[in-house]
Amino acid sequence: MDQQVQLVATGDVGNFIVVDCAPQAPGPGEIRLRHDGIGVNFIDIYHRMGLYPLPLPAVLGVEGAGTVEAVGEGVSNVRVGERVAYAGIPGAYAATRLLPAWRAISLPDGIDTKVAAVSFLRGMTAHMLLTRVYPAARGTIVLVHAAAGGLGATLTRWAHDLGCTVIGTASSPEKASLAREHGADHVIVGRAADVAAEVARLTDSRGVDFAVDGIGGDMLRKTLASTRPLGVVASVGQAGGPIPPVAVSELRPMLVRPSIMAYAADQEAYAVAAQAVIAAIRQGIVRGAAHEYPLARAAQAHGDLESGKTTGSVMLAP
């Protein structure tokens, strides 16, 4: 018997249970994947809290990688025994899972399965943000919050590789040091820092061209105030709490709220982004897990990610 972690009620980490389950037979157009690794992301926390509701009991987790164990009728893009990765569909917190075959991205030689397991959601998000939401290039000034975190570090490295000037934020000097290692040109340190004033100082009062805000809460106002008129602010999360109402007068930059789940549901965009992620893994822009937990300790992984104890990516290992 295999195991999966089920969420039986929305709320805190105490609502997870570990259950035994038998591997399922894939239907037409499906595969069964045996996980080597499962990515843990803030969207999992949003699912757990009920911000983005799922039918209960639910198996969380929207990315992973492993080996194809069985294929259903009509599947021709992957074969049994092939290593694949995927992103964008819940159901990952399990030793095995069923997956639409089109989601399975074949991993070439030289790409470690466990690295891929925590790379595709963040990598596709970075690709979406830096190529579709704002086509970043040499000379673009980018503000990245939590630049030592999983998505923040990936964005920082990717933007740095594109030749952007990256201004990061970090909650502590230790995390600021990590952000600089990832390629941040400047780091604003401390949860209470006056981000807009520091950005004004660093940009001669111009503001950044593009800002990515996964913090939410009161930080979004600071982010809007840090961005130049007709620049772009992408609100991609609310790790710091619900986003309060924003007055129209504060929207000198353009505010967008892109959805990686919607982006990854577009088969054409998904295929293009997946190949960009594979290239980024080869270049070291997208990296493996900094923290690994057994599958049965998913609750601890959530707690550590939510409290800010982790830096970089978090992975569950079945």
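Q: Hi! Before we start, what kind of model is this?
A: It is a predicted model, where local features need pLDDT of at least 70, side-chain atom pairs count only at pLDDT 80 or more, and totals for chains, interfaces and linings use all residues. Residues are numbered from 1 along each chain as its sequence is written, and side-chain values use heavy atoms, with hydrogens and water left out.

Q: Thanks. Which domains does the protein have?
A: The domain assignment gives domain 1 (2-121 + 261-316) and domain 2 (134-257). Such bounds come from an automatic or database domain assignment.

Q: And how far apart are their C-alpha centres?
A: The C-alpha centres of domain 1 and domain 2 are 27 Å apart.

Q: How many residues of each are in contact?
A: 16 residues of domain 1 contact 15 residues of domain 2, where contact means heavy atoms within 4.5 Å.

Q: Let's go inside. Which residues touch the most other members of the largest nonpolar core?
A: I31, Y93, F120, M124, W158, F210 and L316 do, in a core of 82 residues. A nonpolar core here is a set of buried Ala, Val, Leu, Ile, Met, Phe, Trp, Tyr and Cys residues joined through side-chain atoms within 4.5 Å. Buried means under 20% relative accessible area, exposed over 50%, and partly exposed in between, using a 1.4 Å probe and protein chains only.

Q: Which helix gives the most to this core?
A: Helix α9 (residues 267-283), with nine residues. Helices (H or I, at least four residues) and strands (E, at least two) are DSSP runs, numbered from the N terminus.

Q: Why does the core lie between the domains?
A: Because domain 1 (2-121 + 261-316) and domain 2 (134-257) both give residues to this core.

Q: What is F210 in contact with?
A: Setting aside neighbours within four places in sequence, F210 contacts L129, L130, V133, Y134, I141, V142, L143, V232 and A234. There is also a second, separate core of 13 residues, which includes A193, V195, V208 and L220.

Q: Back to α9. How do the axes of α3 and α9 cross?
A: The axes of α3 (residues 120-133) and α9 come within 9 Å and cross at roughly 105°. The axes are lines fitted to C-alpha atoms, for helices over the stretch in contact, and angles run from 0 to 180 degrees between N-to-C directions. The two helices are therefore roughly perpendicular to each other, a label for angles of 65 to 115 degrees.

Q: Which residues meet there?
A: From α3, F120, G123, M124, H127 and R132 meet a set in α9 that includes A269, Y270, A273, V277 and I281. By class, the contact has 11 nonpolar, two polar and one charged residues. Ala, Val, Leu, Ile, Met, Phe, Trp, Tyr, Cys and Pro count as nonpolar, Asp, Glu, Lys and Arg as charged, and the others, Gly among them, as polar.

Q: How about T154, buried or exposed?
A: T154 is buried, with a relative accessible area of 3%. This residue lies in helix α4 and touches R122, A126, I285 and V286, not counting residues up to four places away in sequence.

Q: And which residues of α10 are buried?
A: In helix α10 (residues 298-307) they are A298, A301, H302, D304 and L305. Their cover includes β1 (2-7), β2 (16-21), β3 (30-40), α1, β14 (289-294) and β15 (313-317). Just after α10, G308 has a positive phi of about 85°.

Q: Speaking of backbone, where is there a cis peptide bond?
A: One joins L56 and P57, with omega about -5°. P57 sits in the loop between α1 (42-49) and β4 (63-71).

Q: What about A146 and its phi?
A: Phi of A146 is near 50°, a positive value in a residue other than glycine. A146 is in the loop between β8 (141-144) and α4 (150-161) and is partly exposed, at 36% relative accessible area.

Q: Last one: where is L230?
A: L230 is in strand β12 (residues 227-235). Phi of L230 is near 70°, again positive in a residue other than glycine, and L230 counts as exposed at 60% relative accessibility.

Notes: Parallel < 35°, antiparallel > 145°, perpendicular 65-115°, else oblique.
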